[in-house]
Amino acid sequence: MTAEELYEKLKKLQEPKGYFFNKDKELVLELLDGLLANKERYGYMCCPCRLSANDRDADKDIFCPCVYREPDVKEFGSCYCNLYVSREWNEGKIKDDYVPERRGQ
Amino acid sequence: MAEVRLFTLSTCGHCKRAKQFLQECNVEYACTDVDLLEGKEREDAVAEVKKCNPKLSFPTIIIGDTVIVGFKEDEIRKALEK
């Protein structure tokens, strides 16, 4: 599967839930490439912006979409990677601030 | 010019942009894609990152004695100008 195919597949699944891909499609495709690379080497789509432990159990909170996506999008309008964002974030109504790492807080 | 050291992940778009930004600024830097390391080498790199960024998040950018976590262009620019 290519990043473009994954993009189309996930877009249909996630938008109805209120999660939109970042309008910066180049970044999104890079992050989706990262997910595909992690699927290849670890066997699961570990977050492309976090260091995998290469241990399914240890990484289960950061399988994409990670468990932190909901609180991060609620607070910042974007997930940690800027992969998934809110409609308002994409419309520029929410400032594109760095999303700090919530994991381990 | 202060020494510039980057710890990154090969799968992270923000890490890639941090490297691109430094290249555009014609800044020399040493960079390690921690996810591509294995065994002892990986352990040592993780320990080094944790020393200055206990959260072990990426990119971790060290410019002289300034540590910047995340691709924050303004902070990087300021640290380079020091």
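**View 1. Salt bridges link chain B and chain A****.** In this predicted model, the rule finds 4 salt bridges across the interface of the two chains. One to look for joins the side chains of Arg41(A) and Asp35(B), with 2.6 Å from N to O. The interface of chain B and chain A also holds 8 residue pairs in polar contact.

**View 2. The side of chain B that touches chain A****.** Two helices of chain B, α1 (13-24) and α2 (39-52), each supply at least two residues to this side. Helix α1(B) gives the most, with 4 residues. Sorted by class, the side of chain B that touches chain A has 8 nonpolar, 6 polar and 6 charged residues.

**View 3. The whole contact between chain B and chain A****.** Here you can find 20 residues from chain B and 22 residues from chain A. Interface size is often given as the accessible area lost when the parts come together. For chain B and chain A, the buried area is about 1500 Å², and carbon and sulfur atoms give 52% of that area.

**View 4. Helix α2 of chain A****.** This helix covers residues 25-42, which makes 18 residues. From first C-alpha to last, α2(A) reaches 25 Å, close to the 26 Å expected at 1.5 Å a residue.

**View 5. Buried residues of α2(A) and their cover****.** Among the buried residues are Leu27(A), Val28(A), Glu30(A), Asn38(A) and Tyr42(A). Their cover includes α1 (3-14) and β1 (20-21) of chain A, together with α1 and α2 of chain B.

Key: Residues numbered from 1 in each chain as written. Chains lettered and ligands numbered in written order. Predicted model: local features only at pLDDT ≥ 70, side-chain atom pairs only at ≥ 80, totals over all residues. Heavy atoms only, no water. Contact = heavy atoms within 4.5 Å. Buried area = accessible area lost by both parts, 1.4 Å probe. Polar contact = N/O pair within 3.5 Å; in protein donor to acceptor, adjacent residues only side chain to side chain. Nonpolar A, V, L, I, M, F, W, Y, C, P; charged D, E, K, R; others polar. Expected span 1.5 Å × (residues − 1). Buried < 20%, exposed > 50% of the residue type's maximum accessible area, 1.4 Å probe, protein only.
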